[in-house]
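Open the model in your viewer and keep the sequence panel beside it. The tour below goes from one selection to the next.

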Amino acid sequence: MISKDIDVAVIGSGPAGLAAAINAKEAGAENVTILERAEQPGGLLHQCVHNGYGLTYFNEDLTGPEYARRFIEKAMDLRVDIELESMVIDLSPDKELVCSSKYGLKKLQPRAIVLAMGCRERTRQQILIPGFNPSGIMTAGTAQRYVTCEGYIPGKEVVILGSGDVGMIMARRLTLEGVKVKAVVEILPYIGGLIRNEVQCLGDFNIPVYLSHTVTNIHGQQRIEGVSVSKVNKNFEPIEGTEFRIDCDLLLTSVGLIPENELSLKAGVKIDPVTGGPIVNENMESNVSGIFAGGNVVHVNDLVDNVSLESQISGTRAAEYALGKTLPSVRRINLKAGENIRYVVPQTIDVGKDVTIYMRVREPREKVRLGIGSIYSENLRVVKPSEMLKAKITLEQLREIKGEVSEIEVSCVKRG
Amino acid sequence: MTKKIEIRCIKCPLGCLAEIAIHDENNVLDVANTQCKDGKGYVIAEFKSPVRVLTATVLTKSGSSKLLPVKTNRPIHKTRLLDCMDFISKVRVGPPIRMGQVIVSNILNLGADLVSTDELKN
């Protein structure tokens, strides 16, 4: 039997899923269900015990668990049905879900779906480091779970490959827990994560940082005993003769996050090859009618606050869809990533609705002008790939787009 | 004696490397190389008293999870973070604990309480 009485089903109860479900309820959807595979709602926020969350959303400095708790409580107050230990294992284009739960397999066919599965860490296997495959190599997020949830310290001397935020957060966490952080090795000529993490996680503890370097060999057969590190040239190729060894019993990788879209693909959702997430419109709706998406499943964010804000839109629009209240589209405009823009989300917008668009640049630049066609212009002191750009476009600005235009370009170039 | 020290500003992605001229160890004479007022303010505050909120976990004796996440309810001086961690490593707690509950009051006489940032159920 297929259960068909759900208005909006949300897959995942991390910050994206919770925000989407709350807004779906508030927009009038009666039956809103979150399907969560873990034993508790909140997703990754539980292991992110550090602060820095909520600065823009709540104007408060919260830790991950505190940020999660606010949304969990609100969802529970609104009677969102949170089904734990329920893993969605199949999703079809006509929105039929198969869910594995404590009570066996369940089939649901909600009126609308919000994809909120978040992202996964890129692993060592995906970046092809030569050498042996001993124990003691894991992603920074795995180590974070060990240290902050399981109470297990996975090594005594650590090298961290990659300077993404999770890697830097773990450099500080492990230092505080008494582990010697011997090096953070970054292939790019600049740090990959936020500046405040660079200062407060690495700088505060004088952790050695090797920019334009990478790990070129892994030593040890049973357990990792050390890594070789080499300087790289402009093409990121190791420079011969620059190799040196650092002894360690733990190597953490913090080398990027990838939106988790296996289910989306099963449903026929089209994926943007740059973001790795669904191509969405201003409603955060994918190409499959009634399937919406929000948060890191769409594109990897640097701040949870933005995940919440973006997912609220998916929740609201999914509820409107389920209730048959979706506003008709006026005219579609594609947003094209132009000079020094890596991607734009949403990829298409409608001239009939104001919209917030999120962008990432390709490379760091100073004194730039962010331009969206001829309708939006903003001068920025500095842009970096690690810091997402955000622009609010109003209805008045959208009205300036001429009738024959179907695509506008976003660019971020030097002023002058 | 006048000397110069460098502090990285974290107020925006620009991350200016500010140069502070100091006289007699702690009198700020001048801040150079910042590009905004906010940054200047941050850099002076960071020079006078670099403080951080410490977040950590404490072991539980029983209850719904092995660890309880905690934080200092006020920022503490960054040179005392590791001392606090030493102290925190000896703390054990048991359920029930609600979010925001004081776990250690006035930790190491630093003027901040260590409070729970999650709940611990039976």
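A residue counts as buried if 20 or more other C-beta atoms lie within 10 Å of its own. The model is predicted.

**Stop 1: two loop residues of chain A.** Select A:Asn340, in the loop between strand E22 (332-337) and E23 of chain A. There are 21 C-beta neighbours inside 10 Å, so A:Asn340 is buried. Its phi is near 55°, a positive value in a residue other than glycine.

Now select A:Asn206, in the loop between helix H6 (195-202) and strand E15 (209-211) of chain A. Is A:Asn206 buried or exposed? A:Asn206 is exposed, with 9 other C-beta atoms within 10 Å. A:Asn206 also has a positive phi, about 50°, although it is not a glycine.

**Stop 2: a helix of chain A.** Select residues 165-176 of chain A, which form helix H5. From first C-alpha to last, the 12 residues of this helix reach 17 Å, close to the 16 Å expected at 1.5 Å a residue. Because 12 of the 12 residues of H5(A) are buried, the helix is largely enclosed by the rest of the structure. Among the buried residues are A:Asp165, A:Met168, A:Arg172 and A:Leu176. Just after H5(A), look at A:Gly178, where phi is positive at about 95°.

**Stop 3: two cis peptide bonds.** Select A:Val345 and A:Pro346, which are joined by a cis peptide bond with omega of about -5°. A:Pro346 sits in the loop between strand E23 (341-345) and strand E24 (348-350) of chain A. Next, select B:Pro95 and B:Pro96; a cis peptide bond joins them, with omega of about -5°. The loop that holds B:Pro96 runs between strand E8 (92-93) and strand E9 (102-104) of chain B.

**Stop 4: chain B as a whole.** Show chain B as a cartoon and find its two helices and 10 strands. Their order from the N terminus is β-β-β-α-β-β-β-β-α-β-β-β. The radius of gyration of chain B is 19 Å, well over the 14 Å that the globule rule gives for 122 residues, so chain B is more spread out than a compact globule. Its C-alpha atoms fill a box of roughly 55 × 30 × 15 Å along the principal axes. Buried residues are 28% of the 122 in chain B.

**Stop 5: where the chains touch.** The contact involves 24 residues from chain B and 23 residues from chain A. On the chain B side, select strand E5 (55-60), strand E6 (67-72) and helix H2 (81-88), the elements that give two or more residues. Which element gives the largest share of that side? E5(B) does, with four residues. Coloured by class, the chain B side shows 13 nonpolar, five polar and six charged residues.

Conventions. Residues numbered from 1 in each chain as written. Chains lettered and ligands numbered in written order. Predicted model: local features only at pLDDT ≥ 70, side-chain atom pairs only at ≥ 80, totals over all residues. Rg over C-alpha atoms; globule rule 2.2 N^0.38 Å. Contact = placed C-beta atoms within 7 Å. Nonpolar A, V, L, I, M, F, W, Y, C, P; charged D, E, K, R; others polar. Expected span 1.5 Å × (residues − 1).
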